[in-house]
Amino acid sequence: MENVTKWLLCPCCDGKTRIKLRQDTVMKSFPLFCPKCRRETLIDECGFKVNVIERGELR
């Protein structure tokens with residue numbers, strides 16, 4: 001099996017962050033910081049699919 005990796009892109013500006021993902025990476029309520037737009041966004045990630053968590057969804 002080949003180790004496929006991708007850079008995690010900012011969901012706001014599509015800039016490259018400092019996080020590199022593997023196929024088997026799973027993140028829950030991860031505070032993603034983008035150095036380009038300087039925003040912090042809560043995300044869930046599983047299998048290269050990123051979902052942005054809205055503030056009301058944290059409960």
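Guide: Here are the labels, each set against its definition. This is a predicted model, where local features need pLDDT of at least 70, side-chain atom pairs count only at pLDDT 80 or more, and totals for chains, interfaces and linings use all residues. Residues are numbered from 1 along each chain as its sequence is written, and side-chain values use heavy atoms, with hydrogens and water left out.

Visitor: What makes Asp24 and Arg22 a salt bridge?

Guide: Their side chains meet at 2.8 Å, N to O. The definition asks for a side-chain nitrogen of Lys or Arg within 4 Å of a carboxyl oxygen of Asp or Glu, so the pair qualifies. The structure holds one salt bridge.

Visitor: Why is Asp24 called exposed?

Guide: Asp24 has 53% relative accessibility. Exposed means over 50%, buried under 20%, and partly exposed in between (relative accessible area, 1.4 Å probe, protein chains only). Arg22, at 41%, is therefore partly exposed.

Visitor: Is Thr41 buried or exposed?

Guide: Buried, because its relative accessible area is 13%. Thr41 touches Pro11, Cys12, Phe30, Pro31, Leu32 and Val52, not counting residues up to four places away in sequence. Contact means heavy atoms within 4.5 Å.

Visitor: What puts Lys6 over the face of Phe48?

Guide: Lys6 lies 4.8 Å from the ring centre. The rule wants NZ of Lys or CZ of Arg within 6 Å of the ring centre and within 35 degrees of the ring normal. Lys16 likewise lies over the face of Trp7, at 4.7 Å from the ring centre.
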